[in-house]
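Please look over the structure shown below before reading on.

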Amino acid sequence: MVFLDYLALLGLSALAVASAVWFFKKRREVLELLRDVTATLEEYYKPSDKTYTWIGYLIGYKARYVLPGKHKAFILFTTVPRHALFYMPVVLLAKRRDRLEVAVVPHDRYVVGELHVHKKGSWIAEAVVKKNVGERLREFSVRELDLGGYKYVAYYKDERLLSGFTELASKTGIPLLYASAIPQENMVVASCEVTRDNVVEFLDFHKELLEAFTKPKAPPRYYGKTW
């Protein structure tokens, strides 16, 4: 009995050591990923003003950028809790990935219609889109898409917006999670499973979505006398 207790103590000690070693190794990896992705975002957007709000230690952050031209960008960057050794089986079973969401509100353009697309089989993406659609589901046409090796479900009102998304998404191999054009907030949103290598490609894709889903605002009219 004493021998079994001794073996159990050795086993627990080994697990504790392994967990500590794993934590510090993965902690460094996560911090480096956060640093590199953030640097890429700031280099790409060159914000004149920025505000970061941490969601939790080694989990990620929300950010608000003021961009040149008075545009606004809202960032959500979340990482997989890979630093927790004993939580990794849950992460693997749930197929969780690091995720980057970008939402841009253009100052001089307006969103021309409403569209919501999510990756089929992703419960996170489906939950986000269905929250945006809400109780208005019957207002939308629904179609399944097969683009770039990924399957999506689209909720749309305007066939032209769907065609624009289909054309752009079929040209990219980015693992998109969801995309939305939201005229009520004059916002274009997209999210993907992010890596260091696909950040710029994803931001370029989002920029193309923004151009496809918006039109320039009419210049303001001036009335009265001119001097």
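## Overall architecture

Among contacts in the chain between residues at least 6 apart in sequence, 60% join residues at least 24 apart. The model is a predicted one, and its chain holds five helices and 11 strands. Of the 227 residues in the chain, 41% are buried.

- Nine strands make up an open sheet, in which the order is 1-2-3-4-10-9-6-8-7 and the pairing is antiparallel.
- The edges of this sheet are strand 1 (49-56) and strand 7 (141-147), each of which pairs on one side only.
- From one strand to the next, the twist averages 15 degrees.
- In a regular strand, the side chains alternate between the two faces of the sheet.

**Strand 6 and its two neighbours**

- Strand 6 (residues 115-119) is joined to strand 8 (residues 150-156) by five bridges, and the two run antiparallel; within this pairing, H116 stands opposite Y155 in strand 8.
- Strand 6 also pairs with strand 9 in the antiparallel sense, here over four bridges, and V117 has A179 in strand 9 as its bridge partner.
- V117, which lies in strand 6, is buried because its relative accessible area is 2%, where the cut-off for a buried residue is under 20%.
- Once its neighbours within four places in sequence are left aside, V117 is in contact with V129, Y152, V153, A154, F165, L177, Y178 and A179.
- One of these contacts, Y178, is 61 residues away from V117 in sequence, yet the C-alpha atoms of the two are 5.3 Å apart in space.

- Six bridges join strand 9 to strand 10 (residues 187-193), with the two strands running antiparallel, and A181 has V188 in strand 10 as its bridge partner.
- Strand 9 and strand 10 form a hairpin with four residues between them, and in the turn N186 has a positive phi of about 50 degrees.

**Helix 5 and residue E211**

- E211 is found in helix 5 (residues 199-213), and this residue counts as partly exposed because its relative accessibility is 49%, whereas an exposed residue needs over 50%.
- Although E211 and R109 are 102 residues apart along the chain, their C-alpha atoms are separated by 8.8 Å.

**The largest pocket**

- The largest pocket contains about 480 Å³ of space.
- Two or more lining residues come from each of strand 1, strand 2 (60-66), strand 3 (72-78), strand 4, helix 3, strand 9 and strand 10.
- Strand 3 gives the largest share of the lining, with four residues.
- Sorted by class, the lining of the largest pocket has 11 nonpolar, five polar and six charged residues.

**Loop residues with positive phi**

- Most residues other than glycine have a negative phi.
- K46, in the loop between helix 1 (2-45) and strand 1, has a phi near 50 degrees, which is a positive value in a residue other than glycine.
- K70 sits in the loop between strand 2 and strand 3, and its phi, near 70 degrees, is again a positive value in a residue other than glycine.
- Is K70 buried or exposed? K70 counts as exposed because its relative accessibility is 61%, and the cut-off for an exposed residue is over 50%.

Terms used: Residues numbered from 1 in each chain as written. Predicted model: local features only at pLDDT ≥ 70, side-chain atom pairs only at ≥ 80, totals over all residues. Heavy atoms only, no water. Pairing = 2+ DSSP bridges. Axes fitted to C-alpha atoms, helices over the stretch in contact; angles between N-to-C directions. Buried < 20%, exposed > 50% of the residue type's maximum accessible area, 1.4 Å probe, protein only. 1 Å grid on protein atoms, 1.4 Å probe; cavity = no way out; pocket = protein on both sides within 12 Å on 5 of 7 lines; lining within 4 Å. Points joined across faces, edges and corners; volume = space filled by probe spheres on them. Nonpolar A, V, L, I, M, F, W, Y, C, P; charged D, E, K, R; others polar. Contact = heavy atoms within 4.5 Å.
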